[in-house]
Amino acid sequence: MHKLRLLAANLGYLLLGASVAVTAAQPNTCAPLVAQALAAVDSNCTELGRNSVCYGYDRVDATFFEAVEDTFFSTPADRAELAQLASIQTAPLDVENNQWGVAMMNVQANVPNSLPGQAVTFVLLGDARVENAVAPESAFLVGDPVRVVVTAAQTINVRSGPGTTFNVVANAGPGQLFDVDARNEVGDWFRISGPAPYQWVNRSLIAVQTGAASALTDLPVAPESPKSPMQAFYFRTGIGAPQCSEAPDMLVVQGPKQVRVSLTINGAEVGLGSTIAFQSGETTLGELRAEARMQPLLDDVQLGDGSVCLFTEMSVLEGDALANDGALFVPLGHWAKSATCLDENRSPVLFTPFGEPRLMDEEEIGQFAPLEDVPFPHYALELPTREEIQESIDNGPDQKPEPTPLGVVQVARPTARPTQPGSDNNTTPRPTETPSDQTQPDPNAPSCDGFGIIGPGDVIDAYGQLFAWNFARNVAGYQLEIVGIYRGSVAGVSKLYRVGSESNGITVQTAFDLSSSITDIDWKVQVLVRDGQGNLVTLCESGYRRSAVDYSSG
């Protein structure tokens, strides 16, 4: 009942001012305005930080949870913290008055801080309204991650929550490195930075790798069900044909390519694999029942066909999506629809799951062509081809590929220490070794002695570049991580490359492996070993370096 009351309050707000465009404008009058608007957004909203909103182009109206000055967030290029934002509305196309509202938001959602600079981009175009369903007092902003190292002498347990009553979901070996970004209230458990489901490690088994130990106690306390500002929201857009095809009314959400982003949209949780266009408007139950894919969801609904319903339609333009608690796979190039129906008092009485996805035809995909000109900060959108759509269908939900497996190399165990109260070692500590044992180095133990980066330098060839390094000793292999950069911002594309201990280099074609739209890369090389349980752990790493991408050879 509480959920229904909350949605009713938001839906009432959403429906105020909903309209359908009825006038027409010649394409040659609208296109220049749209081009001018998108160019302005590209300039006004560059390098937009996480959990913030940008006024892109006239006209944008916003409300905030607290009183603000009259001039606050009133002109293009203005910015505000997302936690302050209650609602935002962009204006439909009005060529006569030179108006077409565009706004941009960077939403952290469940994107971990260990992916530096990455966030989920919301772009509101034309007649679109979004309401923040995460109250400011409950919004959770994770801290900057702290790099820690496992100091226990044995393999330790990693758990699904902050305590030994939670189940073990993974193990970690001595010397393994983690980024942690939150703690429990007591401060004896720390959350490993990463997407949900979250993993936790006990404080007594880790230490800060560099910096002061106080960095751990300064991390924020994670709530049981953390949501960042705008990770849950309600929205609506204009319905019907826009005044011209270049100026659509929609909400477009683009997430990093390597993380499945979880958002609650009009009461339904959706997992986004990349770029999704959303539209929402008002219809009737009878109209929904007339749609073959929606009708099975409405068989048992005891409402008249004239009942008012709000539809939510998502169209997958890049990547894929998961809905209905992960049970429904929506491939690339498909759309799916769900609905919320209202009673005579306009209170929600029904939430449907998303219906069976439908393949978009060429004309339907073509209506999203204007989005290829939208200046997304992470990577440019390219509409899918039929071959790419079929590949998405064949592959199923997008999974990060497993790198090449490496052979096992035993890690030399450090000196054991007594187990501390509340710790989570999963084996009995070994007796402390004698001083003579500790001072005699094992010639077969893994070592980073001699390891170092050879190249490349400040510029790399997009069509084939060797990344090389000096060998470490007695290790399992090496891992190269490349993160795409687009005009100074993380582009949401990254890739891992692994080779065995006999290789000291990898040739990469960034234009094909990552994206042809990136301008720079951040990259690093990690030295990998295996612990006693066969798990890969990082022995040392080079740290990130930046190189510009040169496309001239192509």
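# A tour of the predicted model

Start by selecting residues 400–405: here the pLDDT stays under 50, and the model has four contacts for this stretch beyond four places in sequence. The whole model is predicted, so colouring by pLDDT is a reasonable first view.

Next, colour the protein chain by confidence. The chain averages a pLDDT of 80, and 83% of the residues score at least 70. Select residues 1–28, where the pLDDT is below 50; this stretch has 46 contacts in the model beyond near neighbours in sequence. Then compare two elements: helix α7 (residues 435–439) has the lowest confidence, with a mean of 32, while strand β1 (residues 52–57) has the highest, at 95.

**The sheet**

Now show the strands. In what order do the eight strands of the open sheet run? The order is β2-β4-β7-β15-β17-β18-β21-β22, and the pairing is mixed. Select β2 (60–64) and β22 (328–330): these two stand at the edges with a single partner strand each, so one side of each has no neighbour in the sheet. From one strand to the next, the twist averages 25°.

Inside that order, pick strand β15 (residues 232–237) and strand β17 (residues 261–265). The two pair in the parallel sense over two bridges. To see one of the partners, select Phe233, whose bridge partner in β17 is Ile265.

**The disulfides**

Select the cysteines next. A disulfide is a covalent bond between the sulfur atoms of two cysteines. The count for this model is four. With bonded cysteines counted along the chain, the pattern is 1-4, 2-3, 5-6, 7-8.

Go to Cys30 and Cys244, which are joined with an S to S distance of 1.7 Å. Cys30 lies in helix α2 (residues 27–44) and Cys244 in the loop between β15 and β16 (250–254), so this pair ties together parts 214 residues apart in sequence. Cys30 and Cys244 are both buried.

Move to Cys45 and Cys54, whose sulfur atoms are 2.0 Å apart in a disulfide. Is this link left-handed or right-handed? With -80° about the S-S bond, the link of Cys45 and Cys54 is left-handed. Both of these cysteines are buried.

Finish at Cys309 and Cys341, another disulfide, with S to S 2.0 Å. The torsion about this S-S bond is about 95°, so the disulfide is right-handed. Cys309 sits in strand β20 (residues 308–318) and Cys341 in strand β23 (residues 334–342), so the pair links parts that are 32 residues apart in sequence. Cys309 counts as buried because its relative accessibility is 0%, and Cys341 counts as buried at 0% too.

Conventions. Residues numbered from 1 in each chain as written. Predicted model: local features only at pLDDT ≥ 70, side-chain atom pairs only at ≥ 80, totals over all residues. Heavy atoms only, no water. Pairing = 2+ DSSP bridges. Helix = DSSP H or I, 4+ residues; strand = E, 2+ residues; numbered from the N terminus. Axes fitted to C-alpha atoms, helices over the stretch in contact; angles between N-to-C directions. pLDDT = per-residue confidence, 0-100. Contact = heavy atoms within 4.5 Å. Disulfide = S-S within 2.5 Å. Buried < 20%, exposed > 50% of the residue type's maximum accessible area, 1.4 Å probe, protein only.
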